[in-house]
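Here is a friendly walk through one model, beginning with a single residue and widening out from there. Please keep the 3D view open as you read.

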Amino acid sequence: MTDQALDILKLVLLGLLYLFFARVLWAVWSEVRRTQRVPAQPRVDDQAATVAAAAPRQRRPPKGRGGRVARLVIVEPKARRGATFPLGGEITIGRDPASTVMIDSDNFVSQHHAKVYDVEGQAMVEDLGSTNGSFHNGNRLVGARLLHPGDRIQVGYTVLEAQ
């Protein structure tokens with residue numbers, strides 16, 4: 001082969017190498033950008049999605065007034081978004097069928113994971129010694145914490161908002 005043909009092959013190889021690296025960087029950038037916008041969600045059974053879609057619309061409990069929390073609303077995962085639980089007495093969260101907020105499809109949730117209860121008109125959230133912990137506004141929950149409207153509680157992949 002002539003030197004000119006070898007030079008052309010070198011340039012083609014170099015161009016392909018640049019295209020390969022550009023594609024890798026694009027894929028990484030797209031993945032990072034996607035995870036910043038949309039948090040990871042667990043896979044939802046088709047049956048659970050069908051049941052959620054077929055369920056009749058329920059009337060939501062009223063929002064709290066005067067800086068007090070009156071209900072919890074599921075904001076993640078998408079399949080259960082909008083489910084509301086009025087704060088009256090104690091709300092238990094876990095995989096146990098007797099829980100007020102039953103999360104049976106998430107392996108990161110304990111049988112008795114957390115509870116939200118009322119103390120003198122103020123909502124409190126407490127982790128019940130779960131294996132993977134509960135999170136209050138992104139921070140690991142240790143002991144009991146006071147809930148304010150807009151606070152978020154994360155249990156496994158499920159995120160509840162206090163309203």
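## A loop leucine and its surroundings

In this predicted model, leucine 87 sits in the loop that links strand S2 (84–86) and S3. Is leucine 87 buried or exposed? Its relative accessible area is 16%, so leucine 87 counts as buried, the cut-off being under 20%.

Who surrounds it? Setting aside neighbours within four places in sequence, leucine 87 is in contact with Val69, Ala70, Arg71, Val116 and Ala123. The C-alpha atom of leucine 87 is also 7.5 Å from that of aspartate 118, although 31 residues separate the two along the chain.

Strands S5 and S6 run antiparallel and are joined by six bridges. They belong to an open sheet of five strands with mixed pairing, ordered S4-S3-S5-S6-S9. At its edges, S4 and S9 each pair on one side only.

Here are the residue ranges of some of these strands:

| Strand | Residues |
|---|---|
| S4 (edge) | 101–102 |
| S5 | 114–119 |
| S6 | 122–127 |
| S9 (edge) | 144–146 |

Now for the largest nonpolar core, which has 20 residues; Leu72, Ile91, Ile93, Val101, Val116, Leu147 and Ile153 touch the most other members. Strands S1, S3, S5, S6, S10 and S11 each give two or more residues to this core. Leucine 147 touches, beyond residues up to four places away in sequence, Val69, Leu72, Val116, Ala123, Val125, His136, Ile153 and Ala162.

Notes. Residues are numbered from 1 along each chain as its sequence is written. This is a predicted model: local features need pLDDT of at least 70, side-chain atom pairs count only at pLDDT 80 or more; totals for chains, interfaces and linings use all residues. Side-chain values use heavy atoms; hydrogens and water are left out. Two strands pair if DSSP finds at least two bridges between them. Helices (H or I, at least four residues) and strands (E, at least two) are DSSP runs, numbered from the N terminus. A nonpolar core is a set of buried Ala, Val, Leu, Ile, Met, Phe, Trp, Tyr and Cys residues joined through side-chain atoms within 4.5 Å. Buried means under 20% relative accessible area, exposed over 50%, partly exposed in between (1.4 Å probe, protein chains only). Contact means heavy atoms within 4.5 Å.
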